[in-house]
Amino acid sequence: MGLKIIVLAKQVPDTRNVGKDAMKADGTVNRAALPAIFNPEDLNALEQALRLKDKYKGSTVTILTMGPGRAADIIREGMFRGADGGYLLTDRAFAGSDTLATSYALSCAMRKIKSYDVILAGRQAIDGDTAQVGPQVAEKLGLPQITYAEEVLGVEKGKITIRRRLERGVEVVEAPLPCLVTVNGSAASCRPRNAKLVMKYKHARTLTERQTQSDDYISLSNDRAYLNIQEWGVNDVETEAQWLGLKGSPTKVKTIENVVFQAKESKTLTSSDEDIEGLIKELILNHTIG
């Protein structure tokens with residue numbers, strides 16, 4: 001049984017290394033000041049997709065992402081790790097989208113794709129930490145959804161079985177196909193690049209990227225269809241302008257506050273009985289314990 005698997009992925013600024021120029025005055029992220037990376041939990045989702053592909057012969061994995069032209073980099077990165085191709089949603093009209101506008105655009109793209117069995121996505125993106133886009137896409141498409149997935153256990157008789165990790169334990173659930181699954185960062189890390197796949201897909205480009213290449217390169221892309229990354233704008237996915245970008249985004253940033261963590265007074269202890277006894281007495285006296 002071959003599965004058609006879509007992975008929702010996002011190219012994000014690396015907010016793990018935020019500096020003073022990370023935010024603009026209007027409350028949006030200054031993406032030019034931060035390196036762009038493959039959203040970490042989307043890589044966890046990609047690994048689960050690739051494991052399904054390995055397990056069920058004839059399965060395909062396709063990446064769907066929305067962003068500027070450079071976001072095609074994560075589609076190539078996914079192909080280097082085992083994905084079969086991807087779609088890039090890119091248009092000035094998408095700029096400034098919050099989770100509601102983003103999920104609307106992605107759901108329109110999914111309707112254009114039409115045929116799919118499983119949609120996998122990371123639980124949340126590190127530039128927003130909302131965990132809203134995956135569930136919103138499922139709601140807009142009328143699909144069942146499973147969140148906080150840690151492992152896809154299998155697909156049988158039209159149902160997918162998932163182990164999900166919650167705050168107070170682990171549970172195993174199932175849902176009918178097609179469905180959408182969001183994957184935790186506690187899931188298995190994504191496999192590294194495959195050298196053969198890097199050589200095969202290193203020239204994969206979108207239409208816009210191909211226009212800047214030489215005639216020989218364009219001829220190569222025409223001869224090898226697998227090197228063509230699909231590029232869609234607002235007109236290609238039949239969207240309505242009022243639900244896109246800043247106009248379709250009810251989320252507004254009111255204030256920005258820089259929080260600087262400062263080290264407090266510290267004390268270094270040895271493993272001697274005297275130091276440990278002194279610490280216990282101090283903790284009892286200030287009512288930390290006891």
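## A walk through the model

Start by selecting I276, I280, I284 and I289, which together make a nonpolar surface patch of about 320 Å². A patch here takes residues with over 30% relative accessible area and no salt bridge, joining like charges within 9 Å and nonpolar side chains (Val, Leu, Ile, Met, Phe, Trp, Tyr) within 5 Å. The areas come from the Shrake-Rupley method with a 1.4 Å probe, and for residues only the protein chains shown count as cover.

Before you go on, note that this is a predicted model: local features need pLDDT of at least 70 and side-chain atom pairs count only at pLDDT 80 or more, while totals for chains, interfaces and linings use all residues. Residues are numbered from 1 along each chain as its sequence is written, and side-chain values use heavy atoms, with hydrogens and water left out.

**Helix α8**

Stay with I284, which lies in helix α8 (residues 273-285). Helices (H or I, at least four residues) and strands (E, at least two) are DSSP runs, numbered from the N terminus. I284 is partly exposed, at 44% relative accessible area; buried means under 20%, exposed over 50%, and partly exposed in between (1.4 Å probe, protein chains only).

Now show K281 and E277, whose side chains meet in a salt bridge (3.4 Å, N to O). The term asks for a side-chain nitrogen of Lys or Arg within 4 Å of a carboxyl oxygen of Asp or Glu. Both K281 and E277 sit in α8, four residues apart, about one turn of the helix. An α-helix has 3.6 residues a turn, so residues three or four places apart point the same way. E277 is partly exposed, with a relative accessible area of 45%.

The structure holds 16 salt bridges. Pick K10 and D127 next: their closest N and O atoms are 2.9 Å apart. K10 is in the loop between β1 (4-8) and β2 (11-13), and D127 is in the loop between β6 (118-122) and α4 (133-141), so this pair ties together parts 117 residues apart in sequence. K10 is partly exposed at 30%, whereas D127 is buried at 19%.

Then go to E150 and R163, another salt bridge (3.4 Å, N to O). E150 belongs to strand β7 (residues 145-156) and R163 to strand β8 (residues 159-166), 13 residues apart. Here E150 is buried, with a relative accessible area of 9%, and R163 is partly exposed at 23%.

**Helix α1**

Select residues 40-55. That's helix α1, with 16 residues, reaching 23 Å from its first C-alpha to its last, close to the 22 Å expected at 1.5 Å a residue. The expected span is 1.5 Å times one less than the number of residues. Buried residues in α1 include L43, L46, L50 and L52.

**Rings and charges**

Last stop: Y201 and Y226. Rings of Phe, Tyr and Trp (its six-membered ring) pair if their centres lie within 6.5 Å, with planes under 30 degrees apart counted as stacked, over 60 as edge-to-face and the rest as tilted. By this rule there are two aromatic pairs. In Y201 and Y226 the centres are 5.9 Å apart and the planes at 85°, so this pair is edge-to-face. Y201 is buried at 5%, while Y226 is partly exposed at 34%.

Finish with K112, whose charged end sits over the ring of W232, 5.3 Å from its centre.

Key:
A charge sits over a ring if NZ of Lys or CZ of Arg is within 6 Å of the ring centre and within 35 degrees of the ring normal.
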